[in-house]
Amino acid sequence: MKTSMIWVALWCSALAATAAAETPAQTHSCVACHGNAGVSDNPEWPSLAGQNAAYLEQQITAFRDGERENPPMKPFVENLSDAEIAELAEYYADQEAVATANGDPALVDTGRQLAGYCSACHGYAGRPATDEWPVLAGQHAAYLELQLLSFKRGERIQPLMQAAVGKLSAKEFAALAAYYSQLQP
């Protein structure tokens, strides 16, 4: 019995070492904001787990190159190589996403009705038609609201998004965010 327990302990240690070896070193600076394995505890910061790799790669590169402004992100990404960014993007894309369901439950039905307009790009279930667009399903509601507002204010530039959100109100942003946050990624 004692020998079996030792073998089990060794096997578990080997498994943990393998998992740690597969985790890119750069993730150590990501976990404070984006959580272990890319699941953020802070509703104002995005979860990266299960996000499309191509989208993550685009966004991290945009932060690094100053095309997307976010002063807190800059020191963590400014020295990353393209290969390191690709490795991070693949790592987080392979992690299991979790639905946050942290939007206002009273707004979910309104959000579902408004989401019809969004589905052409982001899919009916919050999973987009192309991997260069973000997965919205399960993302934090507060983060989604902030991003919609950023597109409307012109702080984030993407012509399709500017056109899509230009006439929506803050209440409609909250409803969309509540709806998408409760979808299973």
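pLDDT is the predictor's confidence in each residue, on a scale from 0 to 100. This is a predicted model, in which local features need pLDDT of at least 70, side-chain atom pairs count only at pLDDT 80 or more, and totals for chains, interfaces and linings use all residues. Residues are numbered from 1 along each chain as its sequence is written, and side-chain values use heavy atoms, with hydrogens and water left out.

**Whole chain.** Colour by confidence. The protein averages a pLDDT of 89, and 89% of the residues score at least 70. Now show the secondary structure. It comes to nine helices and zero strands. Helices (H or I, at least four residues) and strands (E, at least two) are DSSP runs, numbered from the N terminus. Of the 185 residues, 39% count as buried. Buried means under 20% relative accessible area, exposed over 50%, and partly exposed in between (1.4 Å probe, protein chains only). Among contacts (heavy atoms within 4.5 Å) with a separation of 6 or more, 70% join residues 24 or more positions apart.

Where pLDDT is low, predicted coordinates should not be read in detail.

**Select 170-182.** H9 has 13 residues and reaches 19 Å from its first C-alpha to its last, close to the 18 Å expected at 1.5 Å a residue. The expected span is 1.5 Å times one less than the number of residues. Buried residues of H9 include Phe173, Ala174, Leu176 and Ser181. What covers the buried residues of H9 includes helix H6 (108-122), helix H7 (141-153) and helix H8 (159-165).

H6 and H9 pack at an angle of about 90 degrees, with their axes 7 Å apart. Axes are lines fitted to C-alpha atoms, for helices over the stretch in contact, and angles run from 0 to 180 degrees between N-to-C directions. H6 and H9 are therefore roughly perpendicular to each other. Angles of 65 to 115 degrees count as roughly perpendicular, under 35 as roughly parallel, over 145 as roughly antiparallel and the rest as oblique. On the H6 side, the contact includes Val108, Arg112, Leu114 and Cys118; on the H9 side, Glu172, Leu176 and Tyr179 are among the residues.

**Aromatic pairs.** A search of the whole structure finds two. Rings of Phe, Tyr and Trp (its six-membered ring) pair if their centres lie within 6.5 Å; planes under 30 degrees apart count as stacked, over 60 as edge-to-face and the rest as tilted. Select tyrosine 91 and tyrosine 92: the ring centres are 5.0 Å apart and the planes at 70 degrees, so the pair is edge-to-face. Then select tyrosine 179 and tyrosine 180, an edge-to-face pair with 5.1 Å centre to centre and 65 degrees between the planes. Tyrosine 91 and tyrosine 92 are buried, and so are tyrosine 179 and tyrosine 180.

**Loops.** Go to alanine 37, between helix H2 (31-34) and helix H3 (53-65). Alanine 37 has a positive phi of about 55 degrees although it is not a glycine. Its relative accessible area is 32%, partly exposed. Next comes alanine 101, in the loop between helix H5 (82-93) and H6. Alanine 101 has a positive phi of about 45 degrees, again without being a glycine. Alanine 101 is partly exposed at 49%.

**Last stop.** Glutamate 155 sits in the loop between H7 and H8. Glutamate 155 is partly exposed, at 48% relative accessibility. Show arginine 68 too: glutamate 155 and arginine 68 are 87 residues apart in sequence and 8.5 Å apart in space, C-alpha to C-alpha.
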